[in-house]
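Please read it with the model open.

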Amino acid sequence: MLRRSHPVPAMRAAALLLLALGIACSLLLPAATAATQLPKRSASAAASSTPTKPKRKPASVKTPGKKTAKAKSQKRHTAANATSKPQPYDNSSAAMQAADAIAKAQQLDRQWVRSVMAQAQMLPAVVRAVTPPAQPGSRNWAAYRERVMTPQRIALGAGFLREHAATLARAEAQYGVPPAIVAGILGIETIYGRNMGNFRVLDALATLALDFPDSHPKKTQRQAYFLTELEAYFAFCHSGGYDPLSLRGSYAGAMGMGQFMPSSWLQYAVDFDGSGRIDLFNSPDDAIGSVAHYLSVFQWKRGMATHYPVAPGSLPADLQALLEPDIVPSFSPQQLEAKGLVLDPAARSHPGLLALVALPMGDAAAPHYVLGTDNFFTITRYNWSSQYALAVIELAQAIEAVAQLPAQP
Ligand SMILES: [Ca+2]
């Protein structure tokens, strides 16, 4: 699902070349970032609220130039948004212009791209999925946690840890990411590959690239992002030998066990089972290696804690300065103490900067706070949400605890 992003202050902003996209990060740049306005998107199939997958920024896609017929077809499609039936793009000049731009940018056969685009459909369900609710609810960490931390997800995760222990250990040795964190991400995203999404990826991306809802406050940015993902999708299918008409994923076009967007698949996925091909749909090994590689690229630090608890009574009266950097680790333990926060011994000796992360608990209760480390921030590069990151971490802890119990016969 599309998630809301945290406004990451520009201070530490540095690298993700996200430019126009909405969600994705781009070239392996480290994370600091310009996330300010970029939402992360991710559209996880299984998680319920927000995650989107990481992604990099795509090479530029040409915006279709001519506008005459385009305006007409856009009008037609906009009208179609109100209907509940899929609308084919075969007579859409905007779709054909996008196809031509994609073919040119990726040096693909123009007729092939056009013929595929002509078979794409505008899906009203996808438009609805990204349309802001008339009455936005307030975020509630407790409710989100309850929704994703189900006994089934924990039990299946313990089984996943055991079954793939060797591969997870190999990924940790190579990339430094603990097995349970990798499993936690796959668990939140798709329940370990059990729910990878059932939208045709072509339709989802075409819909978001061509018919993104006008009511979304970041429509321009998001639509541009999805156009780049649509372009990446064609490149991905062409280079990987996939039929663009057959792949299925989330409503945002995220694919496979780890819900990688096309650009992320192209950039960060790895062949971890040595088959000679990257298959995030059917190869748990490739999914494990790819998730660990992604986190590694985004600066996962081997052996570092993800966060430290914050006792309710340990907060100073004035939190403004502490919360200003949001989830970007910006304060040393000593600086936090100087600002009035009471740290436990582990946090006090943390070798790096920390962020005071507030997780809203709805309108009625005070937020839940944790001190996030650089590794907490890295998890949010997978999906730009502190709720998502803490859910991954807590699921990881839970499945690790269950996996260590004697195996059931
Ligand atoms: Ca493989």
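1. Helix α8 (residues 179–190) and helix α17 (residues 386–403) have axes that come within 8 Å and cross at roughly 115°. Axes here are lines fitted to C-alpha atoms, for helices over the stretch in contact, and angles run from 0 to 180 degrees between N-to-C directions. Helices (H or I, at least four residues) and strands (E, at least two) are DSSP runs, numbered from the N terminus. The crossing of α8 past α17 is right-handed; a crossing counts as right-handed if the near helix is turned clockwise from the far one by less than a right angle, and as left-handed if anticlockwise.

2. The model is a predicted one, in which local features need pLDDT of at least 70 and side-chain atom pairs count only at pLDDT 80 or more, while totals for chains, interfaces and linings use all residues. Residues are numbered from 1 along each chain as its sequence is written.

3. On the α8 side, the contact with α17 is made by A180, I181, A183, G184, I185, G187 and I188. From α17 come Y388, A391, V392, I393, L395, A396, I399 and E400. Two residues are in contact if their C-beta atoms, placed from the backbone, lie within 7 Å. By class, this contact holds 12 nonpolar, two polar and one charged residues. Ala, Val, Leu, Ile, Met, Phe, Trp, Tyr, Cys and Pro count as nonpolar, Asp, Glu, Lys and Arg as charged, and the others, Gly among them, as polar.

4. Helix α17 also packs with helix α6 (residues 151–163), at an angle of about 65° and with the axes 8 Å apart. The two helices are therefore roughly perpendicular, a term for angles of 65 to 115 degrees. The crossing of α6 and α17 is right-handed. R153, I154, A155, G157, A158, L161 and R162 of α6 meet L395, A398, I399, E400, V402 and A403 of α17. Nine nonpolar, one polar and three charged residues make up this contact.

5. What is the strand order of the open sheet? Its three strands run β5-β7-β6, with antiparallel pairing; strands pair if DSSP finds at least two bridges between them. β5 (307–309) and β6 (355–359) are the edge strands, each with a single partner, so one side of each has no neighbour in the sheet. On average, neighbouring strands of this sheet are turned by 35° against each other, direction ignored. α17 lies across β5, β6 and β7, at about 95° to β6.

6. β6 and strand β7 (residues 368–372) are joined by five bridges in the antiparallel sense. A358 has Y369 as its bridge partner in β7, and L359 has H368. Both faces of β6 are covered, with A355, V357 and L359 buried on one side and L356 and A358 on the other. A residue is buried if 20 or more other C-beta atoms, placed from the backbone, lie within 10 Å of its own.

7. Helix α9 (residues 201–210) is mostly covered, 10 of its 10 residues being buried. Across the protein chain, 54% of the 409 residues are buried. The chain contains 17 helices and seven strands. Of its contacts between residues at least 6 apart in sequence, 72% join residues at least 24 apart.

How values were computed:
Buried ≥ 20, exposed ≤ 12 C-beta atoms within 10 Å, placed from the backbone. Parallel < 35°, antiparallel > 145°, perpendicular 65-115°, else oblique.
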